[in-house]
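Subject: Structure handover

Hi,

Here is the structure I promised to pass on. Have a look at it first, and then read on for my notes.

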Amino acid sequence: MKIRKTSLAAATAVSLSLLLSGCQGTSTSETNSSSATTNNSTDAGTSVQATEKTSESSEDNEVEKPEKITIMVDGTFQATKADGQEEWVQRWEELTGIDLEIIQPDHDAYYDVVGQTFASGPENWPDVIILGSSYYSGYAAEGALWDMTEAWENSSMMKDPDVRKDVVESNLLDGKLYGLSLASGGGCVTYIRQQWLDNCGLSVPTNYEEYCAVLDAFSHGDPDGDGIDGNTVGVSAAGFIGNEAPYTNYLPEFYQDAFPSFYQDENGVWKDGFTEDAMKEAIQRMQEAYNNGWVDKETLTNATSNCRTKFGEGQFGVFTYWAGGWGDSLHNALEVNGLDGELVAIPPIAEVGQYWERNAPVYAITSSCDNPEGVFKYFLENIFDNGDMQTLWIYGVEGVHWSTAAETVCGNTYKDGEFHMLEMRSQPGVQYGTIITSQQGSILPMKDDPGADTLGEENKESSEIFYANCTMAPFPVTTEAMSQYNGDLTSLKNSIIAACVVQGLSIEDGYARFENEGGAEWSQAIVDSLNAQ
């Protein structure tokens with residue numbers, strides 16, 4: 001399979017028509033973590049006939065300051081209730097003089113709640129909402145999101161010479177901007193415990209054969225050195241397939257060149273990768289690895305939080321997870337449990353070639369917002385003030401998430417005036433990483449970063465490996481046929497993958513199900529609609 005690698009903005013402008021109604025409502029959970037492997041179709045409701053509001057240049061008109069802003073966020077907003085959300089909101093309100101209400105559903109049920117919220121009517125919509133790429137284009141086409149193009153073009157952010165316009169403009173839909181990405185999408189790299197490689201006499205794998213040898217040794221040998229063979233496992237993940245693009249990023253070594261959803265080939269022709277031989281071979285690889293005992297038996301039902309806990313406890317040794325700050329977090333989690341925390345972030349094996357860079361989630365303003373210009377200015381634009389607000393978004397609240405006091409935190413001693421992160425409330429023994437956004441990949445990095453020296457080696461190494469070996473994932477687009485069929489189609493695809501891998505259904509019988517239960521027909525209808533644009 002050869003996926004066409006073009007400018008994301010150009011590809012989007014060609015492929016998406018906002019004249020089409022409908023919204024993809026394919027179920028739970030986006031962004032950094034995803035646990036469900038069967039999607040539950042959700043209905044975004046009928047088209048919103050909201051009055052379109054256009055922003056006005058702040059140079060010509062005074063932007064009204066909102067009295068209150070309501071936001072709906074997922075688990076990527078890591079200032080959770082358990083980790084100082086109340087203090088975070090209090091500090092935000094001190095800096096702005098605006099009341100802020102945060103609605104944060106359970107991360108793994110986030111898009112079910114989003115779908116229900118939009119279906120319930122504009123009077124119940126938040127002012128601001130986080131949306132992953134699969135949902136962003138759909139809700140924009142539905143008329144549920146405010147066109148912030150003019151507000152962006154007139155913003156101080158856009159005029160800053162250091163701004164990453166490419167990241168922002170990658171979310172243009174037919175030349176219009178309906179959501180702002182705070183940073184590039186990032187992606188996952190494969191981490192391997194160095195101590196386990198050393199104990200098994202193995203080197204970093206460079207191809208699939210070597211990768212399988214590592215999994216076999218980690219699953220049937222004694223990689224943790226406790227004198228017992230076979231009481232560990234090679235790899236685990238939050239499901240065998242993700243619910244958000246790029247779908248395959250938690251198990252790339254098995255998927256290799258397979259892509260389970262819709263993409264444009266090198267000639268610009270839309271195809272469904274699930275119907276191709278590459279996908280059948282990927283399912284076969286996962287089935288064989290599962291049968292060999294190389295894969296955690298709870299993978300089908302894992303949430304990413306389960307995987308992080310198991311990895312930190314030393315239950316498995318290969319974990320494909322987010323590059324950057326999560327590298328430090330995984331290292332720290334191992335050390336908290338008294339284990340060797342050295343990790344190696346490996347370049348993609350030969351058969352994978354490149355890691356997928358995720359289409360960045362966006363902060364969108366809903367079309368029901370009473371004062372979208374004010375929300376854009378005082379909520380979104382204000383994030384990048386190169387001062388107290390940006391510090392709050394990156395590092396959180398002083399005394400809750402970070403400090404400069406002389407003290408020892410989680411075994412690390414700091415001098416007076418030395419910036420450092422504090423111990424997590426939700427995970428004792430582990431220090432906070434960045435709280436919501438970060439410097440790495442930011443559309444407008446903080447010029448005077450107080451925490452510049454806090455990055456750990458795993459953070460730096462994994463980021464370097466990822467950005468040297470990544471390519472942008474295909475951008476999900478919306479058509480009427482996509483809105484009508486893709487929820488049921490995705491559920492069927494994921495059910496077939498689970499049945500083949502876990503229950504031993506043959507690949508041939510799995511694809512017979514695909515034909516008999518309408519999958520092939522739905523898939524072709526979507527492909528035809530994409531190619532007709």
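To start you off: in which loop is Cys 410 found? The loop is the one between strand S15 (407–409) and strand S16 (412–414). Strands here are DSSP runs of E with at least two residues, helices are runs of H or I with at least four, and both are numbered from the N terminus.

Before going further, some ground rules. This is a predicted model, so local features need pLDDT of at least 70 and side-chain atom pairs count only at pLDDT 80 or more, while totals for chains, interfaces and linings use all residues. Residues are numbered from 1 along each chain as its sequence is written, and side-chain values use heavy atoms, with hydrogens and water left out.

Back to Cys 410: its phi is positive, near 50°, though the residue is not a glycine. Most residues other than glycine have a negative phi. Cys 410 is partly exposed at 31% relative accessibility (buried means under 20% relative accessible area, exposed over 50%, partly exposed in between, with a 1.4 Å probe and protein chains only). Gln 256 also has a positive phi, of about 55°, without being a glycine. You'll find Gln 256 in the loop between helix H10 (252–255) and strand S8 (262–264), and with a relative accessible area of 15% it is buried.

Now the overall picture. The protein chain has 19 helices and 18 strands, and 59% of its 533 residues count as buried. Its accessible surface comes to about 20600 Å², 43% of it belonging to carbon and sulfur atoms (Shrake-Rupley method, 1.4 Å probe; for residues, only the protein chains shown count as cover). Of the contacts with a separation of 6 or more, 75% are between residues 24 or more positions apart (a contact is heavy atoms within 4.5 Å).

Helix H11 (residues 277–291) packs against helix H17 (residues 480–502) at an angle of about 40°, with the axes 8 Å apart. The axes are lines fitted to C-alpha atoms over the stretch in contact, and angles run from 0 to 180 degrees between N-to-C directions. H11 and H17 are therefore oblique to each other (under 35 degrees is roughly parallel, over 145 roughly antiparallel, 65 to 115 roughly perpendicular, the rest oblique). From H11, Met 279, Ile 283, Met 286, Gln 287, Tyr 290 and Asn 291 meet Ile 497, Cys 500, Val 501 and Val 502 of H17.

Next, helix H12 (residues 304–312), where Thr 304, Cys 307, Lys 310, Phe 311 and Gly 312 are buried. Their cover includes strand S6 (188–193), strand S10 (316–322), helix H13 (325–336) and strand S11 (343–346). After H12 comes Gly 314, with a positive phi near 80°.

Then there is Val 168, placed in helix H7 (residues 165–169). Val 168 counts as buried, at 0% relative accessibility. Leaving aside residues up to four places away in sequence, Val 168 touches Trp 152, Leu 177, Leu 180 and Ile 443. The C-alpha atoms of Val 168 and Met 158 are 9.3 Å apart, with the two residues 10 apart along the chain.

Cheers
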